[in-house]
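Please go through the aromatic rings of this protein and the positions that its database record annotates. The structure is shown here for reference.

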Amino acid sequence: MPQHVVVIGAGVIGLSSAILLQQAGHAVTIVARDFPEPFETMDPLTKINYTSPWGGAHNRWVPPHPSLPPHLTREHALSRTTYTHMQRLYHTHPHTAGLTFLKGVEYMERPGPAQEALSTPSAPNALDLPGFRLLDRSEFPGGGSGSDGKGGGVTWGCEYDTWCVNPMVYCAFLLRRFVNRGGRVVRRELRRPEEGFALSAGELGLAVDGGGGDGEKGVPVVAAVVNASGTGLVPDPDMTITRGQTCLVAEDCDVTVTRQNEDGTWTFCVPRGFEGGTIIGGTKELNNWDTKPSAEVRAELLRRFVETYPKILGDKKELTVVRDIVGRRPTRNGGPRIEGEVVPGAGFVMHAYGLGGRGYELSWGVAEAVVEGVEAQIKGAAAKL
């Protein structure tokens with residue numbers, strides 16, 4: 001019976017990791033409580049802890065800098081890897097993967113040292129961001145002048161090449177790709193990563209060999225468990241929840257826009273493509289577990305975005321609200337946990353959780369790290385035999 005890898009979680013991290021493990025030649029089973037389904041029929045209350053449906057979701061370059069937390073350097077590398085994977089996927093499946101490539105536009109009222117470094121005349125675009133261009137003040141909201149709240153506060157802006165996805169179109173595409181290549185899925189809620197090692201051959205859809213040993217007991221050899229559960233399923237004092245409220249509108253937008261406001265809040269839009277409308281956001285509220293959207297917050301989000309990018313209105317007077325969205329983003333202080341450990345009495349667990357609101361933009365980079373960790377463990381274990 002072949003060795004098996006169990007992936008816990010069918011969000012974007014679990015799906016991406018499962019596909020790359022499969023491509024590396026491993027037999028893989030995804031075990032999860034929630035799987036991709038049509039967003040339009042998804043219940044926001046019962047599925048609120050399934051993070052992937054509620055994302056924007058897009059790639060926003062977050063440039064690292066020596067003055068910023070060091071985990072941003074690693075995350076930037078993961079986002080570059082993900083960008084390359086997304087380019088390949090878009091070129092091979094432009095009409096079915098749920099991916100759109102477009103321009104990203106950023107406005108900052110309070111630019112930091114990373115933005116200043118990108119603006120240095122001696123080394124413009126030092127990070128070699130694709131399609132990067134500094135914006136002229138005349139391209140800022142409101143023409144870059146005045147203090148009427150309509151853009152006069154913006155002091156720095158840029159554009160670059162980026163991508164966005166329609167989350168459930170994209171995740172459903174990944175799931176189909178995984179299953180059609182022989183991957184197995186089990187709908188079950190696990191409480192600990194160690195439970196993955198206790199799944200029987202029958203539960204994993206494997207034939208029992210009947211030849212004695214583990215096969216006779218119906219227990220396959222599980223070489224590793226990938227913990228892509230989002231929350232981690234393990235005691236972790238660095239884990240918290242970030243509540244985000246956004247609003248889905250019916251209008252399409254031709255770019256993804258992010259604006260940092262002077263008061264530290266954010267105004268943004270992420271086009272979903274594939275007739276999925278546009279996400280207008282948003283809030284970032286640490287340790288807020290409230291599931292109910294606020295009508296007042298929605299009105300403020302829409303007002304701020306229309307003032308930032310009035311082009312989205314076209315010839316309309318107001319945006320067409322489809323639904324309010326409240327999502328929970330499992331967030332880890334100090335950056336996501338992407339590392340392996342041998343759990344006594346169980347086996348090797350490769351952790352990949354705590355990405356907060358950056359799951360999509362770091363997904364393929366994390367998946368590559370997962371494969372690297374799992375293969376190093378399996379090869380090391382084989383060398384000891």
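The model is predicted. A pair of aromatic rings is described by the distance of the centres and the angle of the planes. With a limit of 6.5 Å between ring centres, the count comes to six aromatic pairs. One of them joins Tyr170 and Tyr360: the ring centres are 6.3 Å apart and the planes meet at 55°, so this pair is tilted. The class follows because planes under 30 degrees apart count as stacked and those over 60 as edge-to-face, with the rest tilted. Tyr170 belongs to helix 4 (residues 167-180) and Tyr360 to helix 7 (residues 359-383), so the pair ties together parts that lie 190 residues apart in sequence. Tyr170 has a relative accessibility of 0% and counts as buried. Tyr360, at 7%, counts as buried too, since the cut-off for buried is under 20%.

Phe305 and Tyr309 make another pair. Their ring centres are 6.2 Å apart with the planes at 35°, so this pair is also tilted. Phe305 is buried, with 0% relative accessibility, and Tyr309 is buried at 13%. Elsewhere, Trp61, Tyr83, Tyr90 and Phe101 form one aromatic cluster.

Over the ring of Phe39 sits the charged end of Arg272, 4.4 Å from the ring centre. The charged end of Arg323 sits over the ring of Phe39 as well, at 4.6 Å from its centre.

The last topic is the annotation. Which residues does the UniProt annotation "binding site" cover? According to the unreviewed entry, they are Arg329 and Gly357.

Arg329 is placed in strand 13 (residues 321-332), whereas Gly357 is found in the loop between strand 15 (347-353) and helix 7. Is each of them buried or exposed? Arg329 counts as buried, because its relative accessibility is 18% and the cut-off is under 20%. Gly357, at 59%, counts as exposed, since exposed means over 50%. Apart from neighbours within four places in sequence, the contacts of Arg329 include Thr51, Thr240, Ile241, Thr242, Arg243 and Gly244. Thr283, Lys284 and Gly356 are also among its contacts, as is the other annotated residue, Gly357.

Conventions:
Residues numbered from 1 in each chain as written. Predicted model: local features only at pLDDT ≥ 70, side-chain atom pairs only at ≥ 80, totals over all residues. Heavy atoms only, no water. Helix = DSSP H or I, 4+ residues; strand = E, 2+ residues; numbered from the N terminus. Buried < 20%, exposed > 50% of the residue type's maximum accessible area, 1.4 Å probe, protein only. Lys NZ or Arg CZ within 6 Å of the ring centre and 35° of its normal. UniProt positions renumbered as here; feature names shortened; annotations may be inferred. Contact = heavy atoms within 4.5 Å.
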